[in-house]
Structures are given as C-alpha cells and as structure tokens.
Amino acid sequence: MSSSLDDYPLSLKTMYDIAEFILRAAKAIKPEQTIKMVNELENFYKNNRNGKVLVMGAGRSGLVGRAFAMRLLHLGFNSYVLGETIVPAIGKNDIVVAISGSGRTKLILTAAEAAKEAGAKLISITSYFDSPLAKISDVVIEIPGRTKYSKNEDYFARQILGITEPLAPLGTLFEDTTQIFLDGIVAELMIRLKKTEEDLRLIHANIEL
C-alpha cells in the first residue's frame, strides 16, 4: 500500500485494497470466457430481439445482477430479474445470467436447472469452474473472490491476490469484482451495438422513486 495512505482511516485504506484486488482479478479473469459472454449477448441482441434475458443472484449478488439487468434494458435488451412479479416465462433461445460465487447457492442452482430444462442458454458467473452451477452452464465466467462458504476454497483470493477477511467480509470481493466486470461487459456491448450514452439515456426511466 502506498505510504501516502498511512495516515488514512481504515475505511479508505480498505477501498484502496479492494480496488487493488479488482485490478489483480482483472488480470486473472480468462479473456476467452469474457469474449464468449460478449459474443453471446451481441448475437442474441442482433438475432433474437424478442428474446428475454433473465438475471439472477441471491443476496448481494442479486443486487449486482439487478444493476446489470438495468443496463441491459438501457442497451435495448428485454431484461428481467428473478424474483420480480413481472418476470415472464423463460424458454428456448432465451438467456439466463446466474451469479453465484460458490456456484452452489441452492435457490440459484435450482432456478438455473429449470432454465436449462426450458431450453434457455445459461451464462454463469462464479469463482469455481467445477461447481454444480458451472457444470450445467453454456458459458462460465470465473471471477476470483472470497465466498461465504469455504475458507479452504478461498486460498486464491486470500493468499494470491492478498487481502484479509476482516476488511472484506463474506462475499464482498466477489460481489465488488463482479459489479465492475459486468460494467465492463456493458461498455463493450455499447461499442459492438453502436449505442451512445444518449441512446441509453432515452431508455432510462423518466419516472423514478
């Protein structure tokens, strides 16, 4: 950590540590996985405009998913979030994006299995390529980060990328890294789909709470 931060409060030092973790994680995420996800979403937008994208995650991962679904809507996708009352039936050729650090969250795994049975394409974002969720997915994005389930499996995030548990409890690192990763996906989709910030602004809600 920079010596200029020595006199900063722990809250600001933690911000620095988390940002540094995300930078290291960006180098660890496999480019081929990222390209595959962007390709799927680009092709879906261009060839299946009436199709649906369902985003799902539990807890804070669900909040990250909601933010991503919102940006997909701004880009022109028919996007939905699992748990909302207005979610339509998901079927063949639709896309489901499932977010679970452990890849074992029961609610998300059950919903993902149902989506696959309905014929949807499944994109999973998880820390574990060999998790139950990843194994049933068409596209897997491995995002480094601690999960709240297993200290043993968190070796990569804790030791290789270097941050201590008290500063980023439970799934904080996975959730924060996934949020930034998905914002990167949105940025690339804007370029590929030739969308401007004004295009997104026109679709953004004009009646808000």
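This is a predicted model: local features need pLDDT of at least 70, side-chain atom pairs count only at pLDDT 80 or more; totals for chains, interfaces and linings use all residues.
1. Accessible areas here come from the Shrake-Rupley method with a 1.4 Å probe, and for residues only the protein chains shown count as cover. On that basis the chain exposes about 11,300 Å², and carbon and sulfur atoms supply 55% of it.

2. Residues are numbered from 1 along each chain as its sequence is written, and side-chain values use heavy atoms, with hydrogens and water left out.

3. Let's start with the overall layout. The chain has 8 helices and 5 strands; helices (H or I, at least four residues) and strands (E, at least two) are DSSP runs, numbered from the N terminus. Read from the N terminus on, the order of elements is α-α-β-α-β-β-α-β-α-β-α-α-α.

4. How much of the chain is buried? Of its 209 residues, 46% count as buried. Buried means under 20% relative accessible area, exposed means over 50%, and partly exposed lies in between (1.4 Å probe, protein chains only). Now to contacts, meaning heavy atoms within 4.5 Å: among those in the chain with a separation of 6 or more, 72% are between residues 24 or more positions apart.

5. The expected span of a helix is 1.5 Å times one less than its number of residues. For the 17 residues of α2 that gives 24 Å, which agrees with its end C-alpha atoms being 24 Å apart. Its buried residues are Q33, T34, M37, V38, E40, L41, E42, F44 and Y45. What covers them includes strands β1 (52–57), β3 (95–99), β4 (121–126) and β5 (139–142), along with helices α3 and α7.

6. Take T34 as one example from helix α2. T34 has a relative accessible area of 18%, so this residue counts as buried. Leaving aside residues up to four places away in sequence, T34 touches I29, I141, F181 and I185.

7. Which aromatic rings pair up? A pair of aromatic rings is described by the distance of the centres and the angle of the planes. Rings of Phe, Tyr and Trp (its six-membered ring) pair if their centres lie within 6.5 Å; planes under 30 degrees apart count as stacked, over 60 as edge-to-face and the rest as tilted. The structure holds 2 such pairs. One of them is F44 with F77, which is stacked at 6.4 Å centre to centre with 10° between the planes. F44 lies in helix α2 and F77 in the loop between α3 and β2 (78–81), so the pair ties together parts that are 33 residues apart in sequence. Both F44 and F77 are buried, and ring pairs link F44, Y45 and F77 into a cluster.

8. How many salt bridges are there? A search of the whole structure finds 11, where a salt bridge is a side-chain nitrogen of Lys or Arg within 4 Å of a carboxyl oxygen of Asp or Glu. One of them joins E175 and R60, at 2.4 Å from N to O. E175 lies in helix α7 (residues 172–192) and R60 in helix α3 (residues 59–75), so this pair ties together parts that are 115 residues apart in sequence. E175 is buried at 10% relative accessibility, whereas R60 is partly exposed at 44%.

9. In helix α1, E20 and R24 are 4 residues apart, about one turn of the helix; their closest N and O atoms are 3.8 Å apart. E20 is partly exposed at 26% relative accessibility, and R24 is partly exposed at 35%. In helix α7, R192 and E188 are also 4 residues apart, about one turn, with the closest N and O atoms 3.0 Å apart. E188 has a relative accessible area of 33%, so this residue is partly exposed. A network of salt bridges links E42, K46, E188 and R192.

10. Y8, L12 and M15 make a nonpolar patch of about 310 Å². Patches are made of residues with over 30% relative accessible area and no salt bridge: like charges are joined within 9 Å, nonpolar side chains (Val, Leu, Ile, Met, Phe, Trp, Tyr) within 5 Å. L12 sits in helix α1 (residues 10–28) and counts as partly exposed at 36% relative accessibility.
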